[in-house]
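This report describes selected features of a predicted model.

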Amino acid sequence: MIDALRFFSRGPGPRVLLLGGVHGDEKPGVVALERLAAEFESGGLSLARGQLTIVPRANAEAVERGLHFVDENLNRIVRPHDAPANREQGLAAELAALIAAHDAVLDLHGTPAPTVPFVFLDDESVPVRGWAEALGADFLVMGWPALYAGSDALTTTGYAQTLGKRALTVEAGRNDDPAAAEFAFDAARRAIAHFGLIIGTPRRPRPKAVRLTGMVRREREGAFARPWSNFDPVKKGDVLARCADGEEMRAPEDAFVVMPYEAAAVGEEWYYLAVPAALPENY
Ligand SMILES: [Zn+2]
């Protein structure tokens, strides 16, 4: 069973769901949401309107064991499962029901490698873009659904979108970095302040927006040309990686290297490329 902490106000308003620990090894969301729930329980924070549900440990066993997942990647199978075949399918069914009962979903994740905070903006509609901008991340990353078109995998936010909910996935930073948990806490507060559930969080500078243009799998043994950091800019023709057989992987255009993962297994995603993307000025 998923432990969900529920908070109600007297005033009508949106029902917002905050998720942490969907991946058990990604601590920032867990730490941030346990802290946020404690603030509501102690009266340090109170709801001005609407309803709030906080789930700090969506996959509690994976969190306790420090695992990404126990049987199956929970953030690929979020939908109802009539006959769950393993632990995560049961959790996915519970998550699907929780998501269906809310208007907006924020899912807090972390990364194995260092990164500045970023938000996946899979739903580029104006209200969701406005919500994403309010979170205080450095980058909005668009274009993920197009790269994975044809896949039947459903993330928390992907499933929420199929139901017409507003949904965002936040990558708060490296899993063991206290600053990432701090960012996740601030992002969660800004997320609910955006809907008026709490009053008064500081505005942040606008994020940069980028659109994913490519995903490169690690086809064979090789190494990065240098230790890339997330959102490093590269020029057309720059060598990004070298394969053991001598082939060089080059940037096809001026771009950012996104989510580089040097240690990817052969066949897995090695790095992504993205280009700057415009956000509308006013909405
Ligand atoms: Zn994750």
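## A loop residue and its contacts

In this predicted model, Val266 is placed in the loop that runs between strand 13 (255–258) and strand 14 (269–276). Val266 has 11 other C-beta atoms within 10 Å and is therefore exposed, since a residue counts as exposed if that number is 12 or fewer.

Once the neighbours within four places in sequence are left aside, Val266 is in contact with Arg218 and Arg220. Of these two partners, Arg218 is 48 residues apart from Val266 along the chain, while the C-alpha atoms of Val266 and Arg218 are separated by 5.0 Å.

## Helix 4 and what covers it

Helix 4 spans residues 126–133, and within this helix Val128, Arg129, Trp131, Ala132 and Glu133 are buried.

According to the domain assignment, the protein has domain 1, covering residues 5–194, and domain 2, covering residues 213–276. The C-alpha centres of domain 1 and domain 2 lie 28 Å apart.

Between the domains, eight residues of domain 1 are in contact with eight residues of domain 2. On the side of domain 1 that touches domain 2, the residues divide into six nonpolar and two polar, with no charged residue among them.

Conventions: Residues numbered from 1 in each chain as written. Predicted model: local features only at pLDDT ≥ 70, side-chain atom pairs only at ≥ 80, totals over all residues. Buried ≥ 20, exposed ≤ 12 C-beta atoms within 10 Å, placed from the backbone. Helix = DSSP H or I, 4+ residues; strand = E, 2+ residues; numbered from the N terminus. Contact = placed C-beta atoms within 7 Å. Domains from an automatic or database assignment. Nonpolar A, V, L, I, M, F, W, Y, C, P; charged D, E, K, R; others polar.
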